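Please look through the model below with these notes beside you, and take the points in the order in which they are written.

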Amino acid sequence: MLGVISGWTHESLVVGISGALFIIYCVQYNKRRPKSPEVILVVGFWLGTVLLCLSPAARGRASFDHPSIWETFLLIIGELRTFYVLLFLLVCTFFREKRNGNHHTLKKFFYDNQLYFYIIFIEFVFSLVIGFRNVRQLFGIELFSVVILIKLISEQTSFNTVWCRSISIVAASVIILHMAFVIPCAKRSHAQFQDIVTTYLHSEDGVVSFKHEEFPCLVDPYVWRFGGYVGWEAFCISVYYTGDKKPMKALLID
């Protein structure tokens, strides 16, 4: 059950993890036979992933018309951030080891972290196939880029415990401070959404007007607000609350 629940979360995470686990088991099966509890958890995770991908919302998003694979590729690479930092450090490490005549360290790093690289690759291919919707879709790629980046930095540097602790404290403080601004904005966006739903349910013709919420530039990318995909959002609300018997028409107010 825990495996199913873990796999039934979000496509941007579980598709890549499921695919990477499958590859790892196929490659390393003869070297390391998985134990029964591990097999049960992984199979449950795969089942949760399948159920997630077959859910109405996931199938609905996948059925949207999207640009060609080449245009989707350009959209994805235009939104990635941490992945490029990781790529830059990997290239720097490669040339440094080439200059020193030693490639074993980087090869070992790739081998030890192959699961994470598989996840990033599979998530990238998955996004190419189903089309790119928004940056949430790149969460898995960026998250595991951060994981690999941290491991690469820790192996390539000689920070002592005090340095590591100091950097961790500063990073945690910045994140907490940032979230202290994000959370009130998210609550404001949620309150607006509830007002929109209430107005829609009490309207006779399903017409609802809304204003595009504006947030500070450092907070704006981290807060969802109604109207990003207004047609799809209005359709989902009307189906969920009235079975699409009263189609919702959302009008943006300047």
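1. A term is needed before the first feature can be read: nonpolar side chains, meaning those of Val, Leu, Ile, Met, Phe, Trp and Tyr, are joined into a patch within 5 Å, provided that each residue has over 30% relative accessible area and no salt bridge. Please also keep in mind that this is a predicted model.

2. With that term in hand, the surface shows a nonpolar patch of about 440 Å², and the residues that make it are Tyr84, Leu87, Val91, Phe94 and Phe95.

3. Leu87 lies in helix α6, which runs over residues 82-100.

4. Turning to the whole protein, there are 11 helices and two strands, and their order along the sequence is α-α-α-α-α-α-α-α-α-α-β-α-β. The C-alpha atoms fill a box of roughly 75 × 40 × 35 Å along the principal axes.

5. The protein has 254 residues, of which 32% count as buried. Where contacts join residues at least 6 apart in sequence, 76% of them link residues at least 24 apart.

6. The accessible surface of the protein amounts to about 16,500 Å², and carbon and sulfur atoms account for 69% of that area.

Notes:
Residues numbered from 1 in each chain as written. Predicted model: local features only at pLDDT ≥ 70, side-chain atom pairs only at ≥ 80, totals over all residues. Heavy atoms only, no water. Patch = residues over 30% accessible without salt bridge, like charges linked within 9 Å, V, L, I, M, F, W, Y side chains within 5 Å. Areas by Shrake-Rupley, 256 points an atom, 1.4 Å probe, with all protein chains shown as cover. Salt bridge = Lys/Arg side-chain N within 4 Å of Asp/Glu carboxyl O. Helix = DSSP H or I, 4+ residues; strand = E, 2+ residues; numbered from the N terminus. Buried < 20%, exposed > 50% of the residue type's maximum accessible area, 1.4 Å probe, protein only. Contact = heavy atoms within 4.5 Å.
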